[in-house]
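Dear colleague,

Please find the sequence and the structure below. A summary of what was found follows directly after them.

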Amino acid sequence: MTVRKNQASLTAEEKRRFVAAVLELKRSGRYDAFVTTHNAFILGDTDNGERTGHRSPSFLPWHRRFLLEFERALQSVDASVALPYWDWSVDRSTRASLWAPDFLGGTGRSLDGRVMDGAFAASTGNWPISVRVDGRTYLRRALGASVRELPTRAEVDSVLAMATYDMAPWNSASEGFRNHLEGWRGVNLHNRVHVWVGGQMATGVSPNDPVFWLHHAYIDKLWAQWQRRHPGSAYVPAAGTPDVVDLNETMKPWNDTTPADLLDHTAHYAFDTD
Amino acid sequence: MPELSRRRALTTAAALTATAGAHTAVAPATRANDHHTPGSPDSPGSLASPASPASFDEVYKGRRIQGRPTAGGGHHGDGHHGGGHHGAGYAVFVDGVELHVMRNADGSWISVVSHYDPVPTPRAAARAAVDELRGARLLPFPAN
């Protein structure tokens with residue numbers, strides 16, 4: 001059984017194996033396919049049109065499936081690897097062990113944002129940015145530069161307290177848990193973390209930075225926490241909503257799985273602390 | 001891999017240039033708005049109104065940024081949802097290369113290089129993109 005652990009509690013060996021598996025997916029070309037898929041949905045999902053991966057109720061089940069695909073790919077390289085999660089409400093400084101050279105490496109240099117240490121620094125030759133929106137082929141970050149603070153635990157709790165999963169018009173203007181977690185309304189959780197990291201993480205090709213997976217693994221964990229806190233609250237909408245993935249409708253690009261199929265994460269993995 | 005992606009980018013750039021030229025030719029109505037004084041305010045009320053914001057054309061931090069309403073959507077496909085480009089109804093360019101922008105339901109804007117950080121106008125999105133690019137050239141977005 002896959003157990004997703006807090007990144008802060010990983011052993012040196014677990015970090016080494018995670019990094020090695022990610023690098024192997026990159027070397028084989030499988031990694032960049034995930035970046036391409038994410039960017040295609042970022043470009044295609046719109047508030048007034050078809051929306052699946054973002055700004056819609058299926059933001060959470062879509063990313064749950066996307067992460068499962070990535071985790072299975074990692075496990076095809078090294079069966080011992082699981083996706084760790086980053087609780088950015090606790091590990092909220094640039095000095096967190098997450099950003100150490102033995103794990104993801106640190107922030108970018110001021111000249112051009114280039115990450116200079118860790119396994120994903122361009123100088124290693126192992127992490128070319130191939131799926132990109134501009135000419136720069138090196139991993140960039142600017143931790144805390146565009147927005148000063150990561151969300152606090154109190155802000156997370158204020159969003160977890162929202163009992164309604166999502167609301168019409170089912171997009172970036174919605175009230176309810178999903179859109180406040182995604183961050184288009186209110187205190188802004190998920191979106192703000194992308195902005196705080198900066199570099200490619202602030203763009204449509206955000207999975208170019210491996211922290212993408214750790215960020216979304218924590219967003220996914222918050223969904224699980226919300227479900228436990230509100231056992232009477234369900235995924236909505238239930239049926240008949242144009243441009244929006246209803247509970248029992250299949251999701252692109254897989255076309256073989258529905259939000260209903262993905263509500264219970266325990267069929268696929270457990271968390272270290274539930 | 002980098003060799004392949006550069007070839008692909010160049011091919012797409014050529015296709016885009018051709019499309020952009022044709023596009024201007026079939027949308028003469030928008031030309032009248034094309035040459036606002038640099039630094040002029042974006043159209044008031046653009047946040048609340050469904051109407052497209054005004055055009056703009058300025059040099060910002062040494063780079064030419066332009067924005068203009070487009071006649072309908074679908075001028076090129078992103079090849080993903082099957083319906084082509086989502087048709088923002090407004091196009092933004094940085095040094096002549098189209099920057100993918102999107103309007104949110106509340107009237108704010110984002111671009112593909114600043115996708116999680118809404119700003120009030122397409123001009124603000126173009127300026128944010130120039131800030132983010134730090135001089136790097138933008139790639140035409142179907143190649144992304």
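Buried here means under 20% relative accessible area, with exposed over 50% and partly exposed in between (1.4 Å probe, protein chains only). Helices (H or I, at least four residues) and strands (E, at least two) are DSSP runs, numbered from the N terminus.

This is a predicted model, in which local features need pLDDT of at least 70 and side-chain atom pairs count only at pLDDT 80 or more, while totals for chains, interfaces and linings use all residues. Residues are numbered from 1 along each chain as its sequence is written, chains are lettered from A and ligands numbered from 1 in the order in which they are written, and side-chain values use heavy atoms, with hydrogens and water left out.

The buried residues of H6(A) are A:His190, A:Asn191, A:Arg192, A:Val193, A:His194, A:Val195, A:Trp196 and A:Val197. Their cover includes H3, H4, helix H5 (177-182) and H7 of chain A, together with S7 of chain B. After H6(A) comes A:Gly198, which has a positive phi near 70°.

**Aromatic residues of chain A**

Rings of Phe, Tyr and Trp (its six-membered ring) are taken as a pair if their centres lie within 6.5 Å; planes under 30 degrees apart count as stacked, over 60 as edge-to-face and the rest as tilted. By this rule there are 28 aromatic pairs over all chains. The ring centres of A:Trp99 and A:Trp196 are 6.3 Å apart and the planes stand at 40°, so this pair is tilted. Because A:Trp99 lies in the loop between helix H3 (59-77) and helix H4 (153-160) of chain A, and A:Trp196 in helix H6 (residues 190-197) of chain A, the pair ties together parts that are 97 residues apart in sequence. A:Trp99 and A:Trp196 are both buried.

A:Phe120 and A:Trp127 make an edge-to-face pair, at 4.7 Å centre to centre and 80° between the planes. Both A:Phe120 and A:Trp127 are buried, and they belong to one aromatic cluster whose members also include A:Tyr31, A:Trp62 and A:Trp254.

A charge is said to sit over a ring if NZ of Lys or CZ of Arg is within 6 Å of the ring centre and within 35 degrees of the ring normal. The charged end of A:Arg114 sits over the ring of A:Tyr138, at 4.0 Å from the ring centre. Likewise, the charged end of A:Lys221 sits over the ring of A:Phe271, at 5.6 Å from the centre.

**The nonpolar core**

A nonpolar core is a set of buried Ala, Val, Leu, Ile, Met, Phe, Trp, Tyr and Cys residues joined through side-chain atoms within 4.5 Å. The largest one has 90 residues, of which A:Trp86, A:Trp88 and A:Trp213 touch the most other members. Helix H7 (residues 211-229) of chain A gives the largest share of this core, eleven residues. With neighbours within four places in sequence left aside, A:Trp88 is in contact (heavy atoms within 4.5 Å) with residues including A:Leu150, A:Val193, A:His215 and A:Leu222.

**Chain B**

Chain B has two helices and seven strands, running α-β-β-β-β-β-β-β-α from the N terminus on. Of its 144 residues, 47% count as buried.

Two strands pair if DSSP finds at least two bridges between them. Four strands of chain B form an open sheet in the order S1-S2-S3-S4, with antiparallel pairing. Strand S1 (56-60) and strand S4 (97-99) of chain B stand at the edges, each with a single partner strand, so one side of each has no neighbour in the sheet. S1(B) and strand S2 (residues 63-69) of chain B pair over five bridges; B:Tyr60 has B:Arg63 as its bridge partner, and B:Val59 stands opposite B:Arg64. The two strands S1(B) and S2(B) form a hairpin with two residues between them, and B:Lys61 in the turn has a positive phi of about 50°. Four of the five residues of S1(B) are buried.

A further open sheet of chain B holds three strands in the order S5-S6-S7, again with antiparallel pairing. Strand S6 (residues 109-111) and S7 of chain B pair over two bridges, with B:Ser111 opposite B:Ser114.

Yours sincerely
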